[in-house]
Amino acid sequence: MSALPLPSRRPREAAPPGAQALESHWLEVSSMAFAWRVGLWAGMVVAGAWLTMPGDPWVRLLGLVLLGAGMAHGVELSHQALHHTGFQSRRLNEVLGVAMGLPMLVSFYEYRINHLKHHALLGTP
């Protein structure tokens, strides 16, 4: 059985004037802002889990919606952690990525390997 050919890397196009400054602004790492977003994620997951426990079906539904939104937010935060753009510390990004993957039953390391392979094939950072 032959292996599938890998797609060739796409060359990067030249950035328009001023795009470099805008891109560097978006790539700045703000550990405090990221910490607040992690706190929001933790609050969503804890509150969602707590709301699923009562007997009222509408309250339980609200808890499930909050848990779902928390999981979606957790994926986004894990994505930032794997690119090391969440916290300034690479180690803290790694610890957070592993911790956020646990409730979603996702291996942070496997996610990072496959995601960075995706970027390598697309030719983007």
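The legends below describe close-up views of a predicted model.

Residues are numbered from 1 along each chain as its sequence is written, and side-chain values use heavy atoms, with hydrogens and water left out. Because the model is predicted, local features need pLDDT of at least 70 and side-chain atom pairs count only at pLDDT 80 or more, whereas totals for chains, interfaces and linings use all residues.

**View 1. Confidence along the protein chain.** The pLDDT, the predictor's confidence in each residue from 0 to 100, averages 81 over the protein chain, and 75% of the residues score at least 70. Helices are DSSP runs (H or I, at least four residues), numbered from the N terminus. Confidence is highest in helix 3, at a mean of 93, and lowest in helix 1 (residues 19-27), at 52. Over residues 4-11 the pLDDT is below 50, and this stretch has 10 contacts in the model beyond near neighbours in sequence; a contact means heavy atoms within 4.5 Å.

**View 2. The largest nonpolar core.** A nonpolar core is a set of buried Ala, Val, Leu, Ile, Met, Phe, Trp, Tyr and Cys residues joined through side-chain atoms within 4.5 Å. Buried means under 20% relative accessible area, exposed over 50%, and partly exposed in between (1.4 Å probe, protein chains only). The largest such core has nine residues: F34, V38, W41, V45, L67, L77, F87, L96 and M100. At least two of its residues come from each of helix 2, helix 3 and helix 4, and helix 2 gives the largest share, four residues. Leaving aside neighbours within four places in sequence, L77 contacts F34, R37, V38, W41 and M100.

**View 3. The aromatic pairs.** Rings of Phe, Tyr and Trp (its six-membered ring) pair if their centres lie within 6.5 Å; planes under 30 degrees apart count as stacked, over 60 as edge-to-face and the rest as tilted. There are two aromatic pairs by this rule. F34 and F87 are edge-to-face, at 4.9 Å centre to centre with 90° between the planes. This pair links distant parts of the chain, 53 residues apart: F34 lies in helix 2 (residues 31-51), F87 in the loop between helix 3 (57-82) and helix 4 (90-104). Both F34 and F87 are buried. The ring centres of F108 and Y109 are 5.8 Å apart and their planes stand at 70°, so this pair is edge-to-face. F108 is buried at 3% relative accessibility, while Y109 is partly exposed at 36%.

**View 4. The surroundings of H73.** H73 lies in helix 3 and is buried, with a relative accessible area of 16%. Its side chain reaches the backbone oxygen of R37 at 3.2 Å. Not counting residues up to four places away in sequence, H73 touches R37, L40, W41 and M44.

Definitions and conventions. Polar contact = N/O pair within 3.5 Å; in protein donor to acceptor, adjacent residues only side chain to side chain.
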